[in-house]
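Here is a short report on aromatic rings and the charges over them. Please read it alongside the structure.

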Amino acid sequence: MQIDYLPNVHSSAVFARGETKVLSVITIGKVSEKQLVDSIFNRSYKHFIHHYNFPGFAVNEIASYRAVSRREIGHGELVEKTFDFLIPAPASFPYTVRAVSEVLSSDGSSSQASICATSLSLMTAGVPLIRPAAGIALGLFEGQIYNDINGLEDKLGEMDFKIAGTEKGICSIQLDVKNQGISQELIRSSLAKARQARIYLLDEMKKHIYRPRPHLPTQVIKCLQLPVPKEKIGLIIGPRGKTINQLTEETGSTIEVQADGCVLIYHQEEDQLEKTCQAIKKIIRNG
């Protein structure tokens, strides 16, 4: 494992296990940069986005890259679901986070390696994860459960059981079977073995970074939250947005007004954040 692998990104980490190696890169943006999910069932937004890339060279193949495959989409979603309840809500962490897992080589579960790499890079970026996560894949061959299966064991075996979570519990699972099904006893044994492996991985990860860093990297835009009474929001915006546009022009800050009345101020420099905050407070007092 290695953190701070790339020099000029918000955060990065490499996780290697056997022949499988994954580079995770983090980018942190404003809340307004959330992703719209407009499906036929509902309309929602994502503040944590994970993308998984598996190029041909990861398995020694020469292949043109045309579009994201179904496999890449599925693996990306699996990692994303793992962190759904580990990353704080925008109310307490007013940022949008994008993680990209680049599979550099693969001979085993690269999706679970992506979970480990993403966990390392999120903590390196100062994202206040509730708990770090790790994942492991288990296989089944002639009734015997195997930990951390490689590509050949996955192909010849009867099961591919991906289990990811924290030291407290499971966050995501994915199970593929090639036989007629597995018993409840096998599932119990798999969960127990996966927990042992997960605890081992988490202990190894803690040797590199024990908890999320207390501050965001210098390259990341900073945010200051200012609660404002709803009846005062109009004073900040002004007629046809005149006041808020003038504030933005004078301070160089980005000002976003939330539905609950909370005002989010973004700027690269902390002193400019404070200057913008004082200007807004003055407008409210004089109003």
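## An edge-to-face pair

Tyr266 has 0% relative accessibility, so Tyr266 counts as buried. Buried means under 20% relative accessible area, exposed over 50%, and partly exposed in between (1.4 Å probe, protein chains only). Tyr95 is also classed as buried, because its relative accessibility is 7%.

The model is predicted: local features need pLDDT of at least 70, side-chain atom pairs count only at pLDDT 80 or more, and totals for chains, interfaces and linings use all residues. Residues are numbered from 1 along each chain as its sequence is written, and side-chain values use heavy atoms, with hydrogens and water left out.

## Aromatic pairs

Four aromatic pairs occur in the structure. Rings of Phe, Tyr and Trp (its six-membered ring) pair if their centres lie within 6.5 Å; planes under 30 degrees apart count as stacked, over 60 as edge-to-face and the rest as tilted. One of the pairs is Tyr52 with Phe54, which is stacked, at 6.3 Å centre to centre and 20° between the planes. Tyr52 and Phe54 are both buried.

Tyr95 and Tyr266 pair edge-to-face, because their planes meet at 75° with ring centres 6.2 Å apart. This pair links distant parts of the chain, 171 residues apart: Tyr95 sits in strand β7 (residues 95–105) and Tyr266 in strand β14 (residues 262–267). Strands (E, at least two residues) are DSSP runs, numbered from the N terminus. Ring pairs join Phe93, Tyr95 and Tyr266 in a cluster.

## Charges over rings

Arg71 lies over the face of Phe54, 4.2 Å from the ring centre. Lys34 lies over the face of Tyr45, at 4.4 Å from the ring centre. The criterion is NZ of Lys or CZ of Arg within 6 Å of the ring centre and within 35 degrees of the ring normal.

Methods
Helices (H or I, at least four residues) and strands (E, at least two) are DSSP runs, numbered from the N terminus.
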